[in-house]
Amino acid sequence: MKNKRKCKNKYRQKQPEEEVNKVKSVGKHELKEVVKPDSHSNSNTGKNKQKKKNEKHPEEASNEKETKCVPVQKCVPESSADGSEQKTREPAVEIKVNQQQFPMKRLKPEQSLKRQKLQRMLHSEETEPHETPAEQEDKPAEEEVKQDRSASLRSRMEQRLEAARFRYINEVLYSTSSGEAKRMFKQDPQAFWIYHKGYTAQVQRWPANPVDAIISYIQKKPSSLVVADFGCGDCKIARSVKNKVHSFDLAATCELVTVCDMAHVPLNDASVDLAVFCLSLMGTNLADFLAEANRVLKKRGVLKIAEVASRFDNVRNFITALSSLGFKMVSKDTENSHFYSFEFAKTGKTPENLKKVGLQLKPCLYKKR
């Protein structure tokens, strides 16, 4: 048994040495693969390059010497079933290799700084980005700009929509009778406000407002005269003069307005001294409006008309139609490029058949801007 064990031990002791030699050869092979020539070296000739490849750094040589493989033998006897030791297990060889990594090539200071910078960048990409105070201040500013843009875009779209609705309502008022227009505003009160807002915006573009000329005319007359304002709008005449003013319109913008169809106003016959139509001869039944003005006016009462110049094809035909309705022209102003104004006096009653009068004016339609 002793000879057996000795033989086995002698035989087994050769294996660790062979394995150590293998590890050393592997380590040298790996070192040859790891150590590469510096691409940035300032070599002048190819021979110098080959020399540098073959030469080893002193630190590498020292590390190779320090790296040792120490065999440790452990003979553990195998026990048989009857408790007697028959064989011993093969010795377990543990090879401890120095954990120190093989030295890489030395980097220049610039390269090391670049590598550190790259590592920091990669680290910052992995973690959540930290914003600087300047970036944090810029973000709310960008959000405010986006909100301002969206708000301005929305307001422009709303303005375009309102302008389109105003043009549509304006066209309806000129192409239908006053009774139909009154029903439309009664069913949809918002439509009147859209029209009134659009009309006010149009007035601001005009070089002058013809209602101002009528107000100055009334202010020169005695304050005892009674005025009827057909199509009063925002009641500017009633608020600007001391006279008693009856304000009529299809819808009310204030408490001074009497809502009614202008072809049927709630006034007694011959109860008014002055009747005013300022940009209000709208609809297909214009003759009904003027016939109603004739009814409420006193004898020799005054009729004031101001309309857009583009509505008149022939001014003489218009004056002739008014004379058929019981009015005589006193004065006219057709020199203005935007508005024509007329002054008539009541001379008689209107005829029963108004269709024979043939009073017509072109509709005033606003173009899309």
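Ser-247 has Val-257 in β5 as its bridge partner. The model is predicted, so local features need pLDDT of at least 70 and side-chain atom pairs count only at pLDDT 80 or more, while totals for chains, interfaces and linings use all residues. Residues are numbered from 1 along each chain as its sequence is written, and side-chain values use heavy atoms, with hydrogens and water left out.

**Exercise 1.** Determine in which sense β4 and β5 pair, and in what order the strands of the sheet follow.

*Solution.* Strands are DSSP runs (E, at least two residues; helices are H or I, at least four), numbered from the N terminus, and two of them pair if DSSP finds at least two bridges between them. Strand β4 (residues 244-249) and β5 are joined by three bridges in the parallel sense. The open sheet of seven strands has the order β5-β4-β3-β6-β7-β9-β8, with mixed pairing. Because β5 (257-259) and β8 (327-333) each have a single partner strand, they stand at the edges, and one side of each is left without a neighbour in the sheet.

**Exercise 2.** Describe where α10 packs and how far its residues are covered.

*Solution.* Counting contact as heavy atoms within 4.5 Å, α10 touches β3 (226-230), β6 (272-278), β7 (297-308), β8 and β9 (339-346). Its direction makes about 150° with that of β7, where axes are lines fitted to C-alpha atoms, for helices over the stretch in contact, and angles run from 0 to 180 degrees between N-to-C directions. Of the 11 residues in α10 (286-296), nine are buried, meaning under 20% relative accessible area with a 1.4 Å probe and protein chains only; among them are Phe-289, Glu-292 and Asn-294.

Methods
Buried < 20%, exposed > 50% of the residue type's maximum accessible area, 1.4 Å probe, protein only.
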